[in-house]
Amino acid sequence: MFFYADNMAKYAFSSQLTDDVDEGYAIMGIPFDSTTSYKSGARYGPNAVREASYNFEVYNLRFDRQLTTPNYDIGDVQVNYGNYQQTNLMIKDTVRTVLEMGLTPIAIGGEHTITNGVVGAIRDYDEDLFSDMTIIHFDAHFDMRDEYLGEKYSHASVLRRIHELNPKEIIQLGIRSAEYEEHEYVKQQENITYYTSYQIQDNKEEILKQIKKIKSPIYITVDIDVLDPAYAPSVGTPASCGITPRDLEDFMQVLSQKNTIGLYEVVLSSDTIGDSTSINAAKVIYDYLCLQN
Ligand SMILES: [Mn+2]
């Protein structure tokens, strides 16, 4: 069932979900922030992204596509602030319902911790699919700490928890900030590959070629702090020397050729209209949907 609070604000290009819908994309906000350690406010992300989407054209010039891909903004998942476990259950239930309807989930956060719920729902729904899945993770950080500030389910350990669920592979893109131990952990794992933002700046074409070779279904998770703070300053833990929105466009173009099971985006935005973080975050979803057309 949907645990959601209806939200008057909808993603600009979305339609009303009706009972006869059995394909397309379900957009949901997950306005949860609880473990954010530096700059909090990720709960405002979903609405900031929706608001920014109103500025976009139906026609996407870069990709020469119209955004006619069916998508439905189902509102916000009900969250229990300060209670990760409870929130996680409500996310899992909502995502499972979406999957059972034949829809692909697109979740807008909210802090990164809740990707556990979205990915966990996919695993519960189809374990074989999950064990064959490649997770594509855009982030300035590995998020691979065993725990952070004594918390196992923290934004800084979310990919570690997902790795423990045994997906086929995790590919991390745009990394440029880490704890020594988590870097050691990542290097020891055969099914984790990472590319720093510096490698992307120097060798983007080569890395895109590697991504093109992926055969398995993919799940995409984007922490918008993968972008340089020049393009996305309103994030929980900003880190210099990030990639550009153009780089992200190029990756989305290649990823659109793959069988995508879901997309999750972590955003933190100010409530100012025209905030660059919200515009660049909304554009990821816009490009993704245009490219599915
Ligand atoms: Mn991050």
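The dialogue below takes up helix packing, a strand, a helix and a loop residue in turn.

A: Please bear in mind that this is a predicted model.

Q: Which residues of helix 7 and helix 8 meet?

A: An α-helix has 3.6 residues a turn, so residues three or four places apart point the same way. From helix 7 the contact takes in I200, K204, L208, I211 and K212, and from helix 8 it takes in D247, D250, F251, V254 and L255. Sorted by class, the contact of helix 7 with helix 8 has 6 nonpolar and 4 charged residues, and no polar ones.

Q: Which way do the residues of strand 7 point?

A: In a regular strand the side chains alternate between the two faces of the sheet. In strand 7, T134, I136 and F138 point one way, while I135 and H137 point the other way, and all are buried. Because 5 of the 5 residues of strand 7 (residues 134-138) are buried, this strand is largely enclosed by the rest of the structure.

Q: With which strands does strand 7 pair?

A: One partner is strand 8 (residues 169-175), paired with strand 7 in the parallel sense over 5 bridges; T134 stands opposite E169 there. Between strand 7 and strand 8 the chain passes through helix 5 (residues 158-164), and this β-α-β crossover is right-handed. Strand 10 (residues 218-223) also runs parallel to strand 7, joined by 5 bridges, and Y219 in strand 10 is the bridge partner of I135.

Q: What do the buried residues of helix 3 pack against?

A: Helix 3 (residues 115-125) is largely enclosed by the rest of the structure, because 8 of its 11 residues are buried. Among the buried ones are T115, V118 and I122. The elements they pack against include helix 2 (84-100), strand 6 (104-109), helix 5 and strand 10.

Q: Is S14 buried or exposed?

A: S14 lies in the loop between strand 1 (4-5) and strand 2 (25-30). S14 counts as buried because it has 20 C-beta neighbours inside 10 Å. Leaving aside residues up to four places away in sequence, S14 touches I27, N71, Y72 and D73.

Technical notes:
Residues numbered from 1 in each chain as written. Predicted model: local features only at pLDDT ≥ 70, side-chain atom pairs only at ≥ 80, totals over all residues. Contact = placed C-beta atoms within 7 Å. Helix = DSSP H or I, 4+ residues; strand = E, 2+ residues; numbered from the N terminus. Nonpolar A, V, L, I, M, F, W, Y, C, P; charged D, E, K, R; others polar. Buried ≥ 20, exposed ≤ 12 C-beta atoms within 10 Å, placed from the backbone. Pairing = 2+ DSSP bridges. Right-handed = clockwise from strand over helix to strand, strands pointing away.
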